[in-house]
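Colleague: I've just opened this one and could use a guide. Can you walk me through how to read the strands and what they pack against?

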Amino acid sequence: MTPFPLPCHPRTTRRLRRCATMAFIAMLLSVSSWNTAPAPASAADSRFLVVAGTASMGISVLRVAEDGTLSNVPNSPFPTGFGVLSLVLAPDGRTVYVPHAGDFGVSGYRLDDNGTLHPVPGADITVGGPPTAATLSPDGKQLFVVVGGAPGHVESFAVRPSGALVPTGAPTVPVDGFSAVGMAAVDPSGRFLRVVTYLGNTMSNYAISPDGTMTPLGAVEVKLGPVAPGFSRDGRYLYVSNEFGFDLSGFVIGDDGQLTPTPGSPYPTHGVPHGAVVSADNTRLYVPNAMGQSIAGFALHPDGRLVELPGSPYAAPPATLPGQAALHPDGKTLYLVDVLTAQVTTRVHTYTIRDDGSLTPSGWPSVDTAVVMSDGPVVAITP
C-alpha cells in the first residue's frame, strides 16, 4: 500500500491523486477492458480475482480461466463504502471482508458461482473510527480490524458460520505510534497478530487467545513507511515492505512470537515496494515497486534469506504504477495490479513465471477493473 506521507509533496500525478484521497481520510481522523462479453455461468470450482478501489467505492471481480486469462464478471464492479485500504478473503474462498474508512464500516460479501458479490447478512458493522485494515485468523473464525488514530487500536470480531460478524467482547488494544494507516496480518500459526504503522517506524505484536483477546508483546522497530506484512508459506518468516527505505525487511519468527532479522536483511527492491507474495512451494517471493515501475523477484532460502532472481527487477507496463501482486495457485502465472494508471482505472497485467522464477509478460492484453486507485492490500485470488 502507498498511503499518504506527511507532509504531502505532489511531485507526481500519482502523489496528487493519492494526497487528495488520503486527505479525506485524514479529515475523518481529525473528527473522531479490456472489457469482454459476459462470461457464461460457471461451476462451483470457478476461480476469481477480486480487486477493490480505494477511491471509487467499488469491488471488481474478474474470472480466471483455466489457462490463466482474465475476463470481467457481469455487473462488476460491485458497490461498497469509500476508502477501502484492505481486502481479506476467508478460507472458504468465497467470503470477502473490506473495511471502508469513509463511514467507519466493515462489510462482508459472498461470491456466488458466477462471481457476483452478495452482502452477507449481519456482516455490515461499524467500528470506533476509520478502519484501515482487516485480517482473519487462518481458520476464518476471528476478524481483527485496525482502526486509525493517534494512537490507533485493534478491535476483534467473531465470525459466525454464516459469515456474520459479532464483537468478541475482548478489550481493544492500542497500536504503538501514529497508526493513521496501519496494516495488519495474522501469523499462519494463528497465534500472533502483527500491525505496522506506515507513518511511523514500528511494528506492534500481539499474542491471540482463542476468545479473541489480544495481549501486547511489544513493538519492533522497522524502517520508515512499512506496509503489508506478509509471511512465508511455512509461517517461519515475516517480510515487511519499507516504502521509504526502498527495501524489504525479513524476520525469523520464534516459537514465542518474537522476531529476529533474517540473514542479510533488509533486501533492496530497486523501487518503492508494496506487499510481497510468496509462491505456493515457498521458494520465491515477489514484490511490486510502485516507484520504479517494476516487480522485484527473490529466491527464498531455507534460512529466510532472500536472493534476487535472474533479471530482477522485471519491468511493468508503461504509464502504470504497480501496486499489488497475486499468484495463480498453479505457480505459473503472476497478476500485477496497478495503484494508478494513466487511464485512471486500475488495470491487471499478466506475467508468466519461468522455471527459474523469472518473469516475462504473458502477451495477453491488460484487463480494466473499472475501479480507481487500488492502494493497499486490496487484491485476492480464490483457491
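Colleague: What do β5 and β6 form, and how many residues lie between them?

Modeller: Keep in mind that this is a predicted model. β5 and β6 make a hairpin, with five residues between them. Within that turn, Gly93 has a positive phi of about 75 degrees. The two strands pair in the antiparallel sense over two bridges, and Leu89 sits opposite Val96 in β6.

Colleague: How many bridges join β6 to β7?

Modeller: Six, and those two strands run antiparallel as well. Look for Tyr97: its bridge partner in β7 is Gly108. This hairpin has four residues between the strands, and Phe104 takes a positive phi near 60 degrees.

Colleague: Which residues of β6 point which way, and are they buried or exposed?

Modeller: Here's the general idea: along a regular strand, side chains alternate between the two faces of the sheet. In β6, Thr95, Tyr97 and Pro99 point one way, while Val96, Val98 and His100 point the other. Six of the six residues in β6 are buried, so with buried meaning under 20% relative accessible area, the strand counts as mostly covered.

Colleague: Which residues touch the most other members of the largest nonpolar core?

Modeller: That core has 31 residues, and the ones to find are Val154, Leu193, Val195, Met203, Leu238 and Phe251. Strand β15 gives the most to this core, four residues. Now click on Phe251: beyond its neighbours within four places in sequence, its contacts include Met203, Val220, Leu238 and Pro261. Apart from that core lies another, of 29 residues, with Leu70, Phe78, Leu87 and Val337 among them.

Conventions: Residues numbered from 1 in each chain as written. Predicted model: local features only at pLDDT ≥ 70, side-chain atom pairs only at ≥ 80, totals over all residues. Heavy atoms only, no water. Buried < 20%, exposed > 50% of the residue type's maximum accessible area, 1.4 Å probe, protein only. Pairing = 2+ DSSP bridges. Core = buried A, V, L, I, M, F, W, Y, C linked by side-chain atoms within 4.5 Å. Contact = heavy atoms within 4.5 Å.
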